[in-house]
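Reader: I've got a model open and I'd like to learn how to read it feature by feature. Could you walk me through it?

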Amino acid sequence: MITKPDTQHIRQYLRLYLVMGSVNCNQPPEEVLKSAIAGGITLFQFREKGVGALTGQAYYKLAERLQQICHTHQIPFIVNDDVELAIALNADGIHVGQEDAPADQIRARLGDDKIIGVSAHSVAEARQAIEDGADYLGIGPIYPTISKADAQAVQGTSTITALKNHHIEIPLVGIGGIHAGNAEPIFTAGADGIAVISAIAGQTDIEQATQQLNTLTRRLIAN
Ligand code: TZP
Ligand code: MG
């Protein structure tokens, strides 16, 4: 476990955010995560969802192993949706959607020292999440994605731009169909980072793909 980062550090953690579970991997997830860390990811979310997702003890054990790898390399370990798992593992944080409990209720269960991310698709949803105490917002899908069956409509960078126009200053990460060739507009619009599944987990050479995104996002964030 890490101590809860302040807002500026959360921005830095969001720069290159790997989201994945076993379903997204063509190699053992532990190997995918180790290679991605070697390539330079800054944050990790365990998202075990979709056809063939692990359940029960296998789900829990995988989460535990991935958390251990994150811990060794001081990468914060975020759990997707599952408050019970986040509590059981004493994870560094959780990421929830609009269909999940609001951030204030989750905070009451997890404690003040945890990172809470919320998916938001509009200025209204963003304002509510901020009021509820979210630490960062996930915005997407930016581009078409094959990794989320129930994804909302593709929005490009319009929501990020709208949030910035409303002077909403919470850390933001874009997600959905992002790869090295289309990441730039997301940073230009004002996001602090990109969250990806297939652009890392779906690649043959995970470390090299991550390195490319690492170099690119470092450059884009500096501009
Ligand atoms: N939420 C919105 S799009 C998405 C999630 C979890 C999937 C992102 O996966 P990919 O492969 O990077 O498009
Ligand atoms: Mg959810």
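Author: We'll go through confidence, the ligand shell, annotated sites, a helix and the strands.

Author: First, the ground rules: this is a predicted model, where local features need pLDDT of at least 70, side-chain atom pairs count only at pLDDT 80 or more, and totals for chains, interfaces and linings use all residues. Residues are numbered from 1 along each chain as its sequence is written, while chains are lettered from A and ligands numbered from 1 in the order in which they are written.

Reader: What pLDDT does the chain average?

Author: pLDDT is the predictor's confidence in each residue, from 0 to 100. Where it's low, the predicted coordinates should not be read in detail. Here the chain averages 97, and 100% of the residues score at least 70. The model also scores ipTM 0.98 and pTM 0.98.

Reader: Which residues are the closest to ligand 1?

Author: The shell takes in residues whose C-beta atom, placed from the backbone, lies within 6 Å of the molecule. For ligand 1 there are 15 of them, and the closest are Thr 145, Ser 147, Gly 176, Ile 197 and Ser 198. By class, the shell has eight nonpolar, six polar and one charged residues. In that scheme Ala, Val, Leu, Ile, Met, Phe, Trp, Tyr, Cys and Pro are nonpolar, Asp, Glu, Lys and Arg are charged, and the others, Gly among them, are polar.

Reader: Which residues does the UniProt "binding site" annotation cover?

Author: A caution before the list: UniProt positions are given in the numbering used here, feature names are shortened, and annotations may be inferred rather than shown by experiment. One "binding site" annotation, from an unreviewed entry, covers Gln 45, Phe 46, Arg 47, Glu 48, Lys 49, Asn 80, Ser 119 and Lys 148. UniProt also lists Asp 81 and Asp 100 under "binding site", again from an unreviewed entry. That pair spans 20 residues in sequence, yet no two of their C-alpha atoms are more than 7.1 Å apart, so they gather at one spot.

Reader: Is Arg 47 buried or exposed?

Author: We count other C-beta atoms, placed from the backbone, within 10 Å of the residue's own: 20 or more is buried, 12 or fewer is exposed, and in between is partly exposed. Arg 47 counts as buried because it has 23 such neighbours. Lys 148, with 17, counts as partly exposed. Asp 81 is partly exposed with 19, and Asp 100 is partly exposed with 17.

Reader: Which residues is Arg 47 in contact with?

Author: Contact means two C-beta atoms, placed from the backbone, within 7 Å. Leaving aside neighbours within four places in sequence, Arg 47 is in contact with Val 19, Met 20, Gly 21 and Asn 80. By that rule, Asp 81 is in contact with Val 96 and Asp 100.

Reader: What covers the buried residues of helix H2?

Author: Those buried residues are Pro 29, Val 32, Leu 33, Ser 35, Ala 36, Ile 37 and Gly 39. Their cover includes strand E1 (16-20), E2, H3, helix H9 (198-201) and helix H10 (206-222). After H2 comes Gly 40, with a positive phi near 120 degrees.

Reader: Now the strands: how many residues of E5 are buried?

Author: In a regular strand the side chains alternate between the two faces of the sheet. In E5 (residues 115-120), six of the six residues are buried, so the strand is largely enclosed by the rest of the structure. Ile 115, Gly 117 and Ser 119 are on one side, with Ile 116, Val 118 and Ala 120 on the other.

Reader: How many bridges join E4 to E5?

Author: Strands pair if DSSP finds at least two bridges between them. Four bridges join E4 to E5, which run parallel, and Val 96 has Val 118 in E5 as its bridge partner. E6 and E7 also run parallel, joined by three bridges.

Key. Helices (H or I, at least four residues) and strands (E, at least two) are DSSP runs, numbered from the N terminus.
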